[in-house]
Amino acid sequence: MGQFILIPLIFFGLIILASSFFMVKQQTAAIIERFGRFQSIRHSGLRMKIPLVDRVAGRLSLKIQQLDVIVETKTLDDVFVKLKVSVQYKVVTEKVYDAFYKLDYPHEQITSYVFDVVRAEVPKMKLDDVFVKKDDIAVAVKSELNDAMMDYGFDIIRTLVTDIDPDPQVKIAMNRINAADREKTAAQYEGDAQRILIVEKAKAEAESKRLQGQGIADQRREIARGLEESVDVLNRVGINSQEASALIVVTQHYDTLQAIGSETNSNLILLPNSPQAGSQMLNDMVASFTASNQIGEAMKDAKKKKDSNKGANNE
């Protein structure tokens, strides 16, 4: 009979002994209470407590934690915007007691401070400034949280504004403004390119015309020199200048007909095509040159006479 009583007692004793030991993970703090009153804080490792007297009231992580808070507010230019603020915090090792007993819901407390700071700072800025000065908003949130949460045993490591989401209609309008601005810039570049192309093309055409004119002038100069040499040669054999000119015209006329005839696919028709027409053209040109020379001499005489009369009047 006594043996049957001893076995349950041994089993109960083993349970009591096992309950005296507990494990605390790395970067974790365990709060021990004795009869409902704070007793001690135990850190990582195998720990011991008095069975049936002490109990583990709770555990706090000492790692850096992150809380994401989404705040909706209005900017200075009356645009509603949602900001996502990420708060990175941890429990101060020396203030585990304050962190466990002074706050029941630290997340709600941090969230309230984030809402308060963001809704105080963002309404002072225009929407564009919110994007540019988001770091200033994060600094303001961190400063406010540090002052408030340090008394409760929480250290605010960093705050980040990770997302800025304006109203969908505002985003569409902003995208349209950006697209229009880019199209305007593209049009300006295209206009500049077209203007440069036109200017360079005009310069090229001007240079081409200049070189073409120079070539024609050189060609005519050589033709005149050749005609002059031809007339001199004919004069040496007793042919006067007029006869020599007529002979040259007839020779060039036949040379032209020969050149046209050598082309199998030529559609060129020379009008008039008789040697007499060439001689007539030469006579007309000579008469024109003679008349123009006479007119030029008459104009020079008239000018000299006018200048002499003017000098006499001045005397």
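I looked up threonine 28 and found it opposite serine 61 in E5. I am working on a predicted model, where local features need pLDDT of at least 70, side-chain atom pairs count only at pLDDT 80 or more, and totals for chains, interfaces and linings use all residues. Residues are numbered from 1 along each chain as its sequence is written, and side-chain values use heavy atoms, with hydrogens and water left out.

**Strand pairing.** I noted that E2 and E5 run antiparallel and are joined by 7 bridges. Pairing here requires that DSSP finds at least two bridges between two strands. Strands (E, at least two residues) and helices (H or I, at least four) are DSSP runs, numbered from the N terminus.

**Hairpin.** I then checked E2 (residues 28-34) against E3 (residues 37-42), which pair antiparallel over 5 bridges. Arginine 34 has arginine 37 in E3 as its bridge partner. The hairpin has 2 residues between the strands, and phenylalanine 35 takes a positive phi near 55 degrees there.

**Sheet.** I recorded an open sheet of 3 strands in the order E3-E2-E5, paired antiparallel. E3 and E5 (54-61) are at the edges with a single partner strand each, so one side of each has no neighbour in the sheet. Neighbouring strands are turned by 30 degrees against each other on average, direction ignored; the axes are lines fitted to C-alpha atoms, and angles run from 0 to 180 degrees between N-to-C directions.

**Asparagine 146.** I located asparagine 146 in helix H5 (residues 134-149). Is asparagine 146 buried or exposed? Its relative accessible area is 18%, so it is buried (under 20%, with exposed over 50% and partly exposed in between; 1.4 Å probe, protein chains only). Leaving out residues up to four places away in sequence, I found that asparagine 146 touches Asp155 and Ile156, contact meaning heavy atoms within 4.5 Å.
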